[in-house]
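Here is a short briefing on a structure with protein and DNA. Look at it first, then read on.

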Number of protein chains: 2
Amino acid sequence: MDDKPVERAGYHHGSLPDALTAAALELLDERGLEQVTVREVARRTGVSPGAPFRHFADRQALLTAVVGRILADFEQWQLAAVAEDEGPAMRAFGLGFVRYAIRHPHRFELIRSKVFGSRQPTELRQRLSGIEQALTGIIVAGQQAGELRAGDPAVVGLAGQALVYGLSQMIVDGYLPPEQAEQLAEQVLDTCGLGIVNSADFQGP
Amino acid sequence: MDDKPVERAGYHHGSLPDALTAAALELLDERGLEQVTVREVARRTGVSPGAPFRHFADRQALLTAVVGRILADFEQWQLAAVAEDEGPAMRAFGLGFVRYAIRHPHRFELIRSKVFGSRQPTELRQRLSGIEQALTGIIVAGQQAGELRAGDPAVVGLAGQALVYGLSQMIVDGYLPPEQAEQLAEQVLDTCGLGIVNSADFQGP
DNA sequence: TGCCTGTGGTAGCACTGTTCACATGGACGA
DNA sequence: TCGTCCATGTGAACAGTGCTACCACAGGCA
């Protein structure tokens, strides 16, 4: 109906893929995955409904680009989280994950549907395996330092990922009341999680 | 296109809501949540596209009815799982959960989007709290028997749910190779999960 | 200068969820 | 037995979607 595109300099946009990705991310944060519609993204970018398909094969491809941006942001977030936390890195990593999910529920919703799927573009896969390697490094170091219980790092890592991922999921889905979510998550991580030895030591003040 | 409805006895169906729910569940199992379309469900039931809306306010309502069926089935599944397993009930419960997700990935996909949300109809909420109570009972009994580590049953339960839920999620999303998924899940549960004391005792033969 | 190619516009297809006026026929009172 | 009522099903229609043609523009190259 009122498909008034926003103003734009010339006929050619210049960097439409970037603009589309940014608009899609904005829309995602605002209204959730389901509402991220190619047409609405085009509308916000001030471009015709067909234009996005010059740069992205389909909606999924556009969303994949968005995931790329999110993962880049998430990487920085986790680096900061681990750097700032004085407890075991594994715990900081898990808490960072959960906190990111709390802060950006819709991003998490998207990531779930793309990241853990089996068909990812190379760039995405690289980013992911980077994060995974970081996690494995954290685990091995933690085990050597006696912070983490021994065992196959892959299994320990998987358990940690599953716990943290499930927790985030439940938070995002509203199963845990948002106000208490973070504190509860912390409790869970400290009490039962991540194979941290003497984890009770790290309960908050 | 070929909207050939299947044959039906009379003009009036008799139990359309049930038939629609069943068709929707079938479609879900076959093709996944996204493909469960009101129109296709109507087609399969041999009814016009508008008919379902006589019985369900919208697509969500239809899906909620499907969730009801799934939860009833899941309840039975878990009862059997706990009854048949000779290890700690908590472990059987977790494994049952994961196995159900492996067997019915699409159901899990639907449940995730409905069950943990904050707005559920009464009937659904009852079913859920029934399952949760069962879990809490299992935990308390396990703690008294010395099988589970002590601690607030709510937190222990939450941790268990998160771990198992996340694991199932990762399996459903294809992050874990399906062939190894069950074994890996078992390993994770035994090594790091559920607060089971001396969990190494329960590693498979 | 003039064409070529990459980029955007427009129109249109098939599909979706949902609504609404209309058709039907089983149930129930006369 | 008949007539009427009304829950239930029909079919057309609407707005919105992803996606695909085909056409128009404009900037870079000869």
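Which atom of DNA strand D is 2.5 Å from an N or O atom in the side chain of Arg54(B)? It is a base oxygen of DNA strand D. The model is predicted.

**DNA strand D**
- 23 residues lie around DNA strand D. Arg39(A), Arg59(A), Ser48(B), Arg54(B) and His55(B) come nearest.
- Of the atoms of DNA strand D that come within 4 Å of the protein, 53% belong to sugar and phosphate.
- Arg39(A) reaches a base: one of its polar side-chain atoms lies 2.6 Å from a base nitrogen of DNA strand D.
- Helix α2 of chain A (residues 38-45) gives the most to the surface near DNA strand D, with three residues.
- The surface near DNA strand D has seven nonpolar, eight polar and eight charged residues.

**DNA strand C**
- 26 residues surround DNA strand C. Ser48(A), His55(A), Thr37(B), Arg39(B) and Arg59(B) are the closest.
- Sugar and phosphate make up 56% of the atoms of DNA strand C that come within 4 Å of the protein.
- Ser48(A) uses its backbone: an N or O atom there lies 2.5 Å from a phosphate oxygen of DNA strand C.
- Arg54(A) has a side-chain N or O atom 2.7 Å from a base oxygen of DNA strand C.
- Arg43(B) places a polar side-chain atom 3.1 Å from a phosphate oxygen of DNA strand C.
- Helix α2 of chain B (residues 38-45) gives the most to the surface near DNA strand C, with three residues.
- By class, the surface near DNA strand C holds 10 nonpolar, eight polar and eight charged residues.

**Helix α2 of chain A**
- Val38(A), Glu40(A), Val41(A), Ala42(A) and Thr45(A) are buried in α2(A).
- The cover over the buried residues of α2(A) includes α1 (16-31) and α3 (59-84) of chain A.
- Gly46(A) follows α2(A) and has a positive phi, near 75 degrees.

**Helix α3 of chain B**
- Helix α3 of chain B (residues 59-84) has 26 residues, so at 1.5 Å a residue it should span 38 Å. Its end C-alpha atoms are 37 Å apart, which agrees.
- The buried residues of α3(B) include Leu62(B), Leu63(B), Val66(B), Val67(B), Ile70(B), Leu71(B) and Phe74(B). Thr64(B), Gly68(B), Gln78(B) and Ala81(B) are also buried.

Notes. Residues numbered from 1 in each chain as written. Chains lettered and ligands numbered in written order. Predicted model: local features only at pLDDT ≥ 70, side-chain atom pairs only at ≥ 80, totals over all residues. Heavy atoms only, no water. Near = heavy atom within 4 Å. Polar contact = N/O pair within 3.5 Å; in protein donor to acceptor, adjacent residues only side chain to side chain. Helix = DSSP H or I, 4+ residues; strand = E, 2+ residues; numbered from the N terminus. Nonpolar A, V, L, I, M, F, W, Y, C, P; charged D, E, K, R; others polar. Expected span 1.5 Å × (residues − 1). Buried < 20%, exposed > 50% of the residue type's maximum accessible area, 1.4 Å probe, protein only. Contact = heavy atoms within 4.5 Å.
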